Amino acid sequence: MDCSVHIAVGAGVLVLCDDGKRRVQCPVCREIEFRCRRWDLNDQFGSDPWIPDAVPPGCTATINVRVLAMDRSCWKCGETTTCVVGLYPTQPARTDQWPRMVDEESLAWVKGLLAGAGFGGVAESIKPRWSSTVGARYLSNGCQLCDALQGDFPLQEEASELFQEGGVEAFHTLVVAEVSSLVWQQVVHGERGQGGNLLM
């Protein structure tokens, strides 16, 4: 459950792993692990947010994250289009073996980052679209030529295969963005500590 957020000396917690090795956890990761182990069907932690509102003392306020993309053939027009598929810290923790898949929430802030970094075409292709498969509209990647939805499920399958073949370096890094540690911890841990999805 490590989040790759940098921790000052003495600010983290040393924990024993299942393999007998020790690792340092930041206060947020430690609290979330504690809650996950104690959580029950009665949800004893109520509706309190699991990610704090402020960066805990000793944790860096920001972390550098790579926005990963891949090129694919559009299912509709057949032309090559670029899709944002993952996020990966520039200095990953030992447990960060796989990139995190983008979801609607992370796509929303990635869109702004791409627009500011000169990737206007890719940024503009990220917008809400109707999916007959899902039966709803959702923020999605689209073809830069014909604007057709590039569905999450096929993108995740292709990105997972690409990662297994070539690792993180198989993707394009569109931008290296400085993001809030709290934003990144939300990506890593999800809403209630269930964890973000991995490209694996």
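Predicted model: local features only at pLDDT ≥ 70, side-chain atom pairs only at ≥ 80, totals over all residues.
Student: Let's start with charges. How many salt bridges are there?

Tutor: The count comes to 4 salt bridges. In general, side chains of opposite charge can pair when their charged atoms come close.

Student: Which residue does Arg66 meet in a salt bridge?

Tutor: Arg66 pairs with Glu169, at 3.1 Å from N to O. This pair links distant parts of the chain, 103 residues apart. Arg66 sits in strand E3 (residues 62–73), and Glu169 lies in the loop between helix H4 (152–166) and strand E9 (172–180).

Student: Is Arg66 buried or exposed? And what about Glu169, buried or exposed?

Tutor: Arg66 is buried, because its relative accessible area is 14%, which is under 20%. Glu169 counts as exposed, because its relative accessibility is 60%, which is over 50%.

Student: Nice. What does Arg72 pair with?

Tutor: Arg72 meets Glu158 in a salt bridge, with 2.5 Å from N to O. Here Glu158 is in helix H4 and Arg72 in strand E3, 86 residues apart.

Student: Buried or exposed, for Arg72?

Tutor: Arg72 is buried, with a relative accessible area of 10%.

Student: Where does Lys127 sit, and where is Asp147?

Tutor: Lys127 is in strand E6 (residues 127–131), while Asp147 is in the loop between strand E7 (136–142) and strand E8 (149–150), 20 residues apart. Their side chains form a salt bridge at 3.1 Å, N to O. Lys127 is partly exposed at 30% relative accessibility, and Asp147 is partly exposed too, at 33%.

Student: Which residues are joined with Lys127 into one network?

Tutor: Arg129 and Asp147 are joined with Lys127, through salt bridges that share partners.

Student: Which residues are closest to its centre?

Tutor: Of the 14 residues that line the largest cavity, Val84, Val85, Val102, Asp152 and Gln156 are the closest to its centre.

Student: And which elements give two or more residues to that lining?

Tutor: Those are strand E4 (80–89), helix H2 (104–116), E7 and H4. H4 gives the most, with 4 residues.

Student: Last one: how many of the lining residues are nonpolar, polar and charged?

Tutor: The lining of the largest cavity divides into 9 nonpolar, 2 polar and 3 charged residues.

Note on methods:
Residues numbered from 1 in each chain as written. Heavy atoms only, no water. Buried < 20%, exposed > 50% of the residue type's maximum accessible area, 1.4 Å probe, protein only. 1 Å grid on protein atoms, 1.4 Å probe; cavity = no way out; pocket = protein on both sides within 12 Å on 5 of 7 lines; lining within 4 Å. Nonpolar A, V, L, I, M, F, W, Y, C, P; charged D, E, K, R; others polar.
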